[in-house]
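Thanks for making the time this morning.

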Amino acid sequence: MELDFTAQEQAFEEEVQRFLADALPPSLAAKEAQGFHLHRRDVAPWHQALWRKGWIAPGWPQHFGGTGWLPMERFLFERACGVANAPEVSLIALSMVGPVLCEFGSDALRERFLEPIRRGDLWFCQGFSEPEAGSDLAAVRCRTRFEGDSIVLNGHKIWTTDAHIADYMICLARTSDVGRPREGLSMILIPMDAPGVRVRPIATLDGDHHINEVFLEDVAVPLENLVGEVNSGWAQARYLLGRERTHNAYVGMLRRYLARFPGLLQRQLAAGLDARVADGLLRDHVQLSLDVEAHEWSVLRLLADEESSQLRAGASAVKIRGSELLMKASELELMALGSQVIPAMTPAMTHTTAQPLPAGAGADAPGRVTQSLYWRAAAIFGGTNEIQRGIIYSTLFHR
Amino acid sequence: MDFRISDEQRLLRDTARKVLAEATGTSGDDAWMPFRELGWTALPIDEAHDGLGGSLVDLAFLLEELGRARCQVPYLECCVLPAMLLKALASRGVAHAELLGSLARGEQRLGVAVEERSSAESVGAFSTRLAATPSGFRLIGEKLLVVGGAACDGLLVVAVADHETCLVYVPPDAAGVRIRGYSAVDGRELADIEFVDVPVSESAVLARGTAVDEALVEAQAIALTLQCADIVGAMEASMEMTAEYLQQRQQFGQKLASFQALQHGMAVLFIACNEARSMLFRALSALGQADISLRRRAASGCKVKVAACARQVTGMAVQYHGALGMTTEYAVGHYLRRSIVAEQLFGNAHYHLAMCLADHAAVAK
Ligand SMILES: Cc1cc2nc3c(=O)[nH]c(=O)nc-3n(C[C@H](O)[C@H](O)[C@H](O)COP(=O)(O)OP(=O)(O)OC[C@H]3O[C@@H](n4cnc5c(N)ncnc54)[C@H](O)[C@@H]3O)c2cc1C
């Protein structure tokens with residue numbers, strides 16, 4: 001056992017921190033820190049900076065433009081980005097479509113998509129879920145018809161993040177009714193401007209717009225847009241899950257919450273918060289910090305491949321805990337802000353506005369409720385926490 | 001970072017698991033025998049003193065097995081803790097090689113007497129005192145909760161002389177030593193010890209001053225972390241027992257394991273065990289740091305987290321066994337008892353959270 005970061009890893013982390021200090025625009029970091037959903041154009045300068053540095057696609061194989069980092073380095077990078085309030089860049093394109101194309105895509109598909117994704121010219125959305133296929137993803141119905149050199153799709157996708165700003169959808173569609181339901185699925189790339197694609201926004205509790213319904217009516221795409229072998233969509237999805245074991249642990253985001261809490265508390269004390277209340281909040285904060293430390297070490301153990309038999313269970317465990325801890329962390333901020341979080345706020349309402357914010361809210365308040373509500377979704381997407389508990393049981397205890 | 005267990009550690013763990021399972025029910029000297037014969041008493045001590053120079057991670061693996069086996073031998077308290085205390089003193093220039101050697105060879109078991117009736121928090125504020133006499137000193141005071149104190153070969157007593165903390169070696173059969181032994185809820189043996197004008201020679205005062213204060217902090221941080229390893233072992237064993245029971249017990253015409261509520265409950269238990277283990281590794285890592293306050297804080301944080309997880313896991317393990325879990329005949333409830341005692345020994349989660357909070361407030365200022 002070697003329970004320390006190596007000198008090399010420590011040096012790497014410092015390098016990342018220096019880069020963040022140089023290259024992340026402070027105004028973007030401030031906007032991201034608020035917690036409202038950022039638009040593609042907001043994130044673009046950061047995407048460019050990462051691309052120029054060669055750090056845009058850490059998860060890809062090196063010969064396709066990846067960084068060649070080890071899992072521990074990727075972790076340190078993501079953690080430092082989280083703490084520095086760096087926004088996420090097109091997650092679906094870079095963490096999902098890219099690796100899938102690198103592993104399964106034809107040369108032609110790689111040629112068409114990998115470089116534009118790296119440059120930030122192509123955004124993707126992920127069209128997996130359907131009204132009747134949620135946790136039971138294998139129940140996907142979206143129908144396909146092969147016509148000459150084309151595939152024609154008909155279906156109804158829902159909860160599709162970023163469909164309204166994406167250039168393409170990676171769509172999980174049914175290409176066969178033979179055998180088990182999961183054996184008849186394929187991944188197909190669909191241009192969002194193709195005739196027959198219709199996007200309808202879905203309003204969410206947090207007050208932002210990020211998810212949509214997507215209707216596909218006789219949408220024709222070239223046959224070559226089908227990724228890899230026909231009917232291998234399930235295997236491709238499994239491959240992805242295996243690679244992105246710890247992304248949903250949200251260590252960077254949790255560190256961000258922990259890092260800013262003492263300052264928030266100080267400002268609230270200065271603004272008249274009762275010292276006894278502050279004591280209680282600080283106590284909860286220290287308890288939460290310990291929970292996050294344990295969580296982070298669970299992630300480190302996964303990255304270091306501690307014991308392979310427990311990997312799947314461990315990955316589900318950190319997914320569950322990541323969402324639970326985020327909900328806790330964001331709720332603790334709401335407690336510290338008190339009645340300042342009552343007014344409904346929009347990204348336009350910042351402390352730079354000449355008008356004072358409603359309810360005496362300070363600069364820390366806008367975005368906090370929005371983000372806190374959004375973290376509910378972290379327990380739902382990517383396999384709900386109930387589904388994850390099922391995975392833990394069947395991995396470890398089922399006989 | 002590398003979390004892979006080495007071949008030697010695997011051997012240590014597997015041997016301990018087998019030997020301790022076979023030794024269930026033994027007590028006294030018989031129970032200590034494997035600790036001597038398998039070199040476990042030598043593990044915490046360096047090679048220069050007849051030890052094996054084991055690492056803290058090695059010790060953690062062994063302690064986990066003690067927890068798993070619900071072993072009552074006060075190995076942590078009467079071998080590891082005194083060894084760490086003496087080592088910490090030695091690193092500050094106060095060497096007691098013969099004591100370390102006898103611990104390593106298993107010739108002596110040393111009770112460590114720190115705790116008092118009104119636990120004084122500020123360093124050096126113990127009420128047990130050493131008074132000077134023409135021929136040496138007298139020890140006066142009372143110590144509580146000395147684990148293994150009624151069956152040890154020597155006592156290391158923390159006392160105050162001239163406003164300085166000192167560490168005194170006292171033979172348990174010295175005149176004026178009154179030992180009141182008792183059992184804990186989980187069956188381990190403790191003692192409260194009164195010192196009524198116990199004569200102490202100059203040479204029995206092992207160390208004085210800041211060396212003792214610092215050595216105590218250092219040794220206690222290690223003992224606290226290793227205690228957490230014991231708790232982690234107990235938790236994991238109770239989780240495994242519970243999974244096993246759900247496979248066997250039938251109700252409503254099917255095994256309990258087929259009910260999803262219970263399956264998800266097991267997943268929650270795994271998460272708690274997993275996090276406790278992660279926290280243990282974090283503390284073991286932090287104990288290698290130079291800054292002693294970081295070590296102390298990491299050990300405190302470890303206890304907060306591990307104790308909370310243990311409460312959850314050992315409690316739910318009883319719940320999932322139904323009435324059987326409430327019986328003393330069945331093992332699962334004994335893990336609950338063990339974790340209740342372990343939580344309160346060396347300071348409970350509330351105490352250690354307060355320690356973390358104090359550190360935090362100090363850093364903020
Ligand atoms: C903000 C947000 C963004 C999303 N973005 C995308 C996206 O970009 N692309 C995409 O394809 N999808 C996306 N999703 C959809 C997400 O993947 C699904 O919501 C998720 O898979 C759950 O499906 P469902 O909502 O149909 O819930 P259901 O499957 O209907 O589940 C409802 C409840 O029942 C529980 N449940 C279901 N089955 C079981 C079982 N067997 N045992 C015990 N409990 C069970 C669930 O845990 C849940 O609590 C997004 C969702 C959200 C909230």
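Predicted model: local features only at pLDDT ≥ 70, side-chain atom pairs only at ≥ 80, totals over all residues.

Between domain 1 of chain A and domain 3 of chain A there are nine residue pairs in polar contact, both residues being at pLDDT 80 or more; a polar contact here is a pair of N or O atoms within 3.5 Å, where within protein one must be able to donate a hydrogen and the other to accept it, and where residues adjacent in sequence count only if both atoms are side-chain atoms.

Residues are numbered from 1 along each chain as its sequence is written, chains are lettered from A and ligands numbered from 1 in the order in which they are written, and side-chain values use heavy atoms, with hydrogens and water left out.

Staying with chain A, its domains are domain 1 (7-89), domain 2 (124-230) and domain 3 (245-396), with bounds that come from an automatic or database domain assignment. The area buried between domains 1 and 3 of chain A is about 1600 Å², with 59% from carbon and sulfur atoms, buried area being the accessible area (1.4 Å probe) that two parts lose on being put together, summed over both. A:Gln34, A:Phe36 and A:Phe75 supply 38% of what domain 1 buries there, more than any other three residues.

How many salt bridges cross this interface of domain 1 and domain 3 of chain A? There are two, taking a salt bridge as a side-chain nitrogen of Lys or Arg within 4 Å of a carboxyl oxygen of Asp or Glu, and A:Glu296 and A:Arg79 meet in a salt bridge at 2.3 Å, N to O.

Turning to chain B, domain 1 of chain B and domain 2 of chain B bury about 1100 Å² between them, 70% of it on carbon and sulfur atoms. One salt bridge is counted between these two domains of chain B, and the side chains of B:Arg188 and B:Glu77 meet in a salt bridge at 3.9 Å, N to O.
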